[in-house]
Amino acid sequence: MTRLDYSDFLKDLYGSRVQKLNVNAGFSCPNRDGKLGVGGCVYCNNASFTPAFSLGNNSVTQQLLDAKQFYSGKYRDVKYVAYFQSFTGTYAPVATLRSLYNEALAVPDVVGLVISTRPDCLDDEVLSLLEEINQHHKVIVEIGVESAHDRTLRLINRCHTWQCAQDAIWRVDGRGILVGAHLILGLPGETEDDMMATASEIAKLPLSTVKFHQLQVIKGTRLAQQWSRGELDIISCTPSEYASLCHRILTQLPPHITVERMVSTAPAHLLLHPKWGLKPEQFRKLFDTIL
């Protein structure tokens, strides 16, 4: 069975307990600014997963200091990893990326980087920078894959193909950098067989981590508009049914891949569907019961 304890994975990697600290570096995306498309992914509203300390215009340093203060009472003897999550974490000139990444690593007790990005924003120059940093601070690159089906990727306005995602994962791994994949279960038009097929394809790639979550309809997104008009077929399921699906997905993955998460929560004032009202730890208990 695939390993489920992501905290242990990070502890093994960094040699101590590690807390990820979200950073908003002010990046954009090539499917927002017109380079590849406009409007972004149909489901995306960054405010739904960005902590309050990352929503303003503070510097990377100040965001990390504020985040450290937020988590200061949670653990003892903890180190930190700067998590460049908002939008596309490699979508800037390399000189800008170098400055921002080094700024994060200069904050006391920040021991590494986790960088969330798109498969089409990892050219050789960016990979060379990440490879360089990885020599002295461990880097994990999280690549938004979402689905292995091109028809789905077109429908949700990802502006890249499944082949592009595969190529990016192999290229990151080829630089000796740990790579993870992000998936969404329940995307419009996809059946359970489609999701299982994506998991089967993911299992063939040199991944260290994977994280996935249920599709959420968030206010302020194109998906919310399409859903409210009844234009898209979105599967509805109970938390128990979703937990069972997660178990079936995990049976497709090899044991060396660590699962970071299986469910996501959005602020109640933004979430339209599904309104499960479950915190991640509550879902984990439900999943363990089913398992």
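Within strand β3 (residues 110-117), Leu 113 is the bridge partner of Ala 82, and Ile 115 in β3 is the bridge partner of Phe 84. The model is a predicted one, in which local features need pLDDT of at least 70 and side-chain atom pairs count only at pLDDT 80 or more, while totals for chains, interfaces and linings use all residues. Residues are numbered from 1 along each chain as its sequence is written, and side-chain values use heavy atoms, with hydrogens and water left out. Strands (E, at least two residues) and helices (H or I, at least four) are DSSP runs, numbered from the N terminus.

Strand β3 is mostly covered, with 7 of its 8 residues buried, where buried means under 20% relative accessible area, exposed means over 50%, and partly exposed lies in between (1.4 Å probe, protein chains only). Leu 113 is one of the residues with the most contacts inside the largest nonpolar core, which has 78 residues, and Tyr 43, Phe 84 and Phe 212 are named alongside it. Another core, of 9 residues, lies apart from the largest one and includes Phe 9, Val 18, Val 114 and Ile 140. A nonpolar core is here a set of buried Ala, Val, Leu, Ile, Met, Phe, Trp, Tyr and Cys residues joined through side-chain atoms within 4.5 Å. Leaving aside neighbours within four places in sequence, the contacts of Leu 113 include Tyr 14, Val 81, Phe 84, Tyr 101, Ile 133 and Ile 140, contact meaning heavy atoms within 4.5 Å.

Strand β4 (residues 138-146) contains Glu 146, which has a positive phi of about 70° although it is not a glycine, and which counts as buried because its relative accessibility is 5%. Asp 109, likewise not a glycine, has a positive phi of about 75°; this residue lies in the loop between α3 (94-105) and β3, and counts as partly exposed because its relative accessibility is 36%.

Helix α9 (residues 239-250) packs with α7 (residues 192-202) at an angle of about 35°, their axes 9 Å apart. This contact is made by Glu 192, Met 195, Met 196 and Ala 199 of α7 and by Leu 245, Arg 248 and Ile 249 of α9. The axes of α9 and α10 come within 9 Å and cross at roughly 65°, and the residues that meet there include Tyr 242, Ala 243 and Leu 250 in α9 and Phe 283, Leu 286 and Phe 287 in α10.

In the loop between β9 (271-273) and α10 (280-290) is Pro 274, which a cis peptide bond joins to His 273, with omega about -10°.

Technical notes: Axes are lines fitted to C-alpha atoms, for helices over the stretch in contact, and angles run from 0 to 180 degrees between N-to-C directions. Two strands pair if DSSP finds at least two bridges between them.
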